[in-house]
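Student: I have just opened this one and would like a walk through it. Could you take me through the helices and then the charged pairs?
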Amino acid sequence: MDVKFQLRLDAEREHLMVQQSFFGVFGSKDAKHGLFHYDYERDKADGYPDAHLQVDARSALFEMLNDPKIDPGRSLAQLHFPVGGKRFRPCLEDVIEFLVVERLVQARDGYEKILEAGREGFRKNQLMAAMRRDPATVEAFIERYGSRAKV
């Protein structure tokens, strides 16, 4: 597995935020092609989704649908499948869980609790960031559900 993060300060210079991240599953350290990878690039300029999944695979249906006059030589591995956008994209724990559940790696005892704790932390951080950027929605939530909303 190849994991990379590039962090920077947010616009207010108050919090660290992810500028780019990469989670890839490869057969070896030097492999050029892997099983899949998740990419995140904040404010991606090339029109592809900021958060996306790419799978190194073949599909007869894709090959039939892909017009070689428009995109000659394009493969399924070059498609960017959107995965939740800036705030609610997959985290590293999601990728590890996938590998375990699909029986591609052997898990250690108690891995579920460790993954869930990491995932919960990631999701809370993302929610707090979303709330900082959208205080009007936070106010509407409090108006609707009260300051001690019950779940």
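Tutor: Let us begin with a term: helices (H or I, at least four residues) and strands (E, at least two) are DSSP runs, numbered from the N terminus, and the expected span of a helix is 1.5 Å times one less than its number of residues. This is a predicted model, in which local features need pLDDT of at least 70 and side-chain atom pairs count only at pLDDT 80 or more, while totals for chains, interfaces and linings use all residues. Residues are numbered from 1 along each chain as its sequence is written, and side-chain values use heavy atoms, with hydrogens and water left out.

Student: How far does H3 reach from its first C-alpha to its last?
Tutor: H3 has 23 residues and spans 33 Å between those two atoms, close to the 33 Å expected at 1.5 Å a residue.

Student: And which residues of H3 are buried?
Tutor: They are Tyr111, Leu115, Arg119, Gln126 and Ala129, where buried means under 20% relative accessible area, exposed over 50%, and partly exposed in between (1.4 Å probe, protein chains only). The buried residues of H3 pack against H2, with contact meaning heavy atoms within 4.5 Å.

Student: OK, so what about H2, which residues are buried there?
Tutor: In H2, which covers residues 92–101, the buried ones are Glu93, Val95, Leu99 and Val100. Seen down the axis of H2, these buried residues fall within an arc of 160°, so they line one face of the helix; the arc is that of the directions from the helix axis to the C-beta atoms. They pack against strand E2 (16–26), strand E3 (34–41) and helix H3 (111–133).

Student: What comes just after H2?
Tutor: Arg103 does, and this residue takes a positive phi of about 60°.

Student: Switching to charges, how many salt bridges are there?
Tutor: The count comes to 13 salt bridges, each being a side-chain nitrogen of Lys or Arg within 4 Å of a carboxyl oxygen of Asp or Glu. One of them joins Arg119 and Glu97 at 2.9 Å, N to O. That pair links distant parts of the chain, with Arg119 in helix H3 and Glu97 in helix H2, 22 residues apart.

Student: Is Arg119 buried or exposed?
Tutor: Arg119 is buried, because its relative accessible area is 4%, whereas Glu97 is partly exposed at 33%.

Student: Which residues are linked in a network of salt bridges?
Tutor: Asp10, Glu12, Arg132 and Arg133 are linked in that way.
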